[in-house]
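Dear colleague,

I am handing over the structure that you will find just below, and after it I have set out what was found. Please read the notes with the model open beside you.

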There are 2 protein chains.
Amino acid sequence: MNTPFWDRQALNRAIRELQSCLCIGLDTDETRIPRAVTGKDKVFDFNKSIIDATADLAVAYKINAAFYEAMGQAGWQAMADTIAYIRDKRRFVILDAKRGDIGNTGELYARACFEQLDADAVTVSPYMGRDSVLPFLSRPGRWAILLALTSNTGAEDFQLQRMASGRKLFEEVIHLSSRWGSPDQLMYVAGATRIGNLLEVRNLLPEYFLLIPGVGAQGGDLGQVMKQAMTTSGDLLINASRSILYASAGPDYIQAAREEALKMQSSMRTHILEKSVNLEP
Amino acid sequence: MNTPFWDRQALNRAIRELQSCLCIGLDTDETRIPRAVTGKDKVFDFNKSIIDATADLAVAYKINAAFYEAMGQAGWQAMADTIAYIRDKRRFVILDAKRGDIGNTGELYARACFEQLDADAVTVSPYMGRDSVLPFLSRPGRWAILLALTSNTGAEDFQLQRMASGRKLFEEVIHLSSRWGSPDQLMYVAGATRIGNLLEVRNLLPEYFLLIPGVGAQGGDLGQVMKQAMTTSGDLLINASRSILYASAGPDYIQAAREEALKMQSSMRTHILEKSVNLEP
């Protein structure tokens with residue numbers, strides 16, 4: 001199967017074509033799958049129905065590894081099957097696994113994410129520094145998505161603390177790490193719940209994609225996020241997970257998920273047209 | 001099977017009984033397994049032979065998750081089987097997975113590590129702050145091992161940078177996080193390659209266990225590490241992986257691994273006796 005080669009331009013092309021920067025987070029919790037989903041592979045079947053219902057509205061899907069690892073070996077298989085299904089739909093696949101370890105171990109995590117599981121991108125923690133990030137940048141077309149400023153309250157503990165350099169830790173992470181990889185392979189996480197810092201992140205990273213969680217169930221404002229973080233090329237993925245996945249617990253869950261995704265995509269389209277995201281490739 | 005309840009006292013008792021603070025890292029690389037190991041479950045069989053040969057010399061074993069994840073579903077099974085085998089031997093099992101994510105996702109990682117895989121401890125990255133660490137501290141007898149100062153060169157990028165508070169980032173991590181959990185559940189990683197900082201880490205954490213990688217193949221000096229980091233109670237695990245696992249590629253690999261582990265344990269015993277590690281429980 002011929003899947004896209006994802007560089008910055010290809011991702012921005014997808015944003016223009018779909019008039020969407022939506023990333024749907026597949027935080028699939030066994031206990032929250034609607035009862036209408038039956039059968040042996042409930043997790044994969046649920047994911048498949050969500051993907052089928054939203055693939056014309058979303059540029060990317062994000063697999064939250066924790067949910068699958070908590071199911072053990074069967075979860076690992078559901079994760080692999082889901083990734084393959086998304087690739088067949090020619091959508092960008094993010095493995096949200098927050099990996100990162102010293103050189104030789106990091107290379108094995110990269111192999112697990114990009115070869116075993118065949119994801120296009122993986123989220124990476126910056127704490128261990130350069131040699132823990134580089135292994136995820138050694139395969140053309142495969143991305144590291146580095147945590148800069150996360151959406152949780154714990155971001156205040158270290159990320160928002162000021163360094164002796166005058167920069168906050170997340171700014172220091174951006175400052176240093178943006179030399180490690182190009183905007184064709186390196187992307188950053190910046191939480192929508194910290195709207196005051198989003199413009200700052202964008203100013204530090206005018207050419208890099210941002211992946212923004214925290215819209216939807218976590219309460220971040222979609223319109224504000226688009227205004228602060230989208231460039232005239234695009235360069236933005238906004239993630240929503242629970243608000244779409246569990247839009248309904250009833251037998252209408254597929255329709256409800258589509259409606260929720262459509263609501264977000266419509267709002268995104270307005271902002272994309274307003275910002276006149278460059279229509280040339 | 002009745003496995004030990006691991007608190008600080010139980011771990012220190014094991015150190016005194018075995019006169020060892022050795023942790024053997026099972027960084028099992030399929031391509032480096034000696035040819036003498038044959039059969040379908042090569043990875044688990046190799047681990048089993050290493051564990052059988054060293055269980056009287058090592059207090060703990062550390063599973064490096066990356067190596068197993070890189071083998072996909074079969075690797076996940078080998079990891080689960082190995083953990084169960086170590087538990088049967090009544091040794092402390094560390095899952096070195098460098099996990100960490102926001103609250104609800106963190107809880108699922110904790111479930112994956114402590115319930116699905118049944119490890120006693122898991123390594124956790126501090127970058128996302130308090131709510132990303134707490135889920136790993138909610139089960140009595142199960143441990144979070146927080147990255148403070150790692151053994152790789154990338155530690156210089158952020159961990160060793162000075163904050164506006166005057167503390168280095170790794171000191172700030174220790175300062176703040178040591179309030180999140182007690183010495184019965186929370187332990188810290190401090191690399192043996194940064195011997196100059198080890199005493200500092202110990203002074204900041206007089207009552208917490210330290211897990212020290214970087215002795216062996218990475219070049220840290222065992223005697224120096226013991227002097228700087230062991231307390232009169234013990235409170236120390238020193239990890240060696242490759243130097244033991246791959247001591248020989250020949251059919252004598254079991255004997256060679258045991259000899260390497262014995263060499264380390266003998267040296268540890270001398271230091272434990274010198275430091276007169278408290279023989280009372």
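With 21 C-beta neighbours inside 10 Å, A:Ala53 counts as buried; a residue is buried if 20 or more other C-beta atoms lie within 10 Å of its own, exposed if 12 or fewer, and partly exposed in between, with C-beta atoms placed from the backbone. Leaving out residues up to four places away in sequence, A:Ala53 touches A:Ile254, A:Ala257 and A:Arg258, contact being counted if the C-beta atoms of two residues, placed from the backbone, lie within 7 Å. A:Ala53 and A:Ala261 are 208 residues apart in sequence, yet their C-alpha atoms are 9.1 Å apart in space.

Before going further, please note that this is a predicted model, in which local features need pLDDT of at least 70 and side-chain atom pairs count only at pLDDT 80 or more, while totals for chains, interfaces and linings use all residues. Residues are numbered from 1 along each chain as its sequence is written, and chains are lettered from A and ligands numbered from 1 in the order in which they are written.

How the two chains meet

The contact takes 47 residues from chain A and 47 residues from chain B. On the side of chain A that touches chain B, α3 (65-69), α4 (73-88), β3 (92-99), α5 (103-116), α6 (130-133) and α7 (169-177) each supply at least two residues, and the largest share, seven residues, comes from α5(A). By class, that side of chain A divides into 18 nonpolar, 18 polar and eleven charged residues, where Ala, Val, Leu, Ile, Met, Phe, Trp, Tyr, Cys and Pro count as nonpolar, Asp, Glu, Lys and Arg as charged, and the others, Gly among them, as polar.

A rotation of 180° with 0.0 Å of shift along its axis superposes chain A on chain B, with an RMSD of 0.0 Å, and that is the relation of a two-fold axis; the copies are superposed by least squares on the C-alpha atoms of residues with pLDDT of at least 70 in both. Because 100% of the interface residues of chain A are also interface residues in chain B, the copies meet through the same surface.

B:Ala70 is buried, with 20 other C-beta atoms within 10 Å, and, not counting residues up to four places away in sequence, it touches A:Leu108, A:Arg111, A:Ala112, A:Gln116 and B:Gly75.

The core and the helices

The largest nonpolar core has 200 residues, and those with the most contacts inside it are A:Ile145, A:Tyr188, B:Ile145 and B:Tyr188; such a core is a set of buried Ala, Val, Leu, Ile, Met, Phe, Trp, Tyr and Cys residues joined through C-beta atoms within 7 Å. Leaving aside neighbours within four places in sequence, the contacts of A:Tyr188 include A:Ile145, A:Ile174 and A:Leu205.

Seven of the nine residues of helix α7 (residues 169-177) of chain B are buried, so this helix is largely enclosed by the rest of the structure. Among the buried residues of α7(B) are B:Phe170, B:Glu171 and B:Glu172, and what covers the buried residues includes α6 (130-133), β5 (143-149), β6 (186-190) and α8 (195-204) of chain B.

In chain A, A:Leu222, A:Gly223 and A:Met226 in α9(A) meet A:Met264, A:Ser267, A:Met268 and A:His271 in α11(A), a contact with four nonpolar, three polar and no charged residues.

Two backbone points to check

Most residues other than glycine have a negative phi. A:Lys98, in strand β3 of chain A, has a positive phi near 50°, and counts as buried with 28 C-beta neighbours inside 10 Å. A:Asp118, in the loop between α5 and β4 (121-124) of chain A, has a positive phi near 60°, and is partly exposed, with 16 other C-beta atoms within 10 Å.

With best regards

Methods: Helix = DSSP H or I, 4+ residues; strand = E, 2+ residues; numbered from the N terminus.
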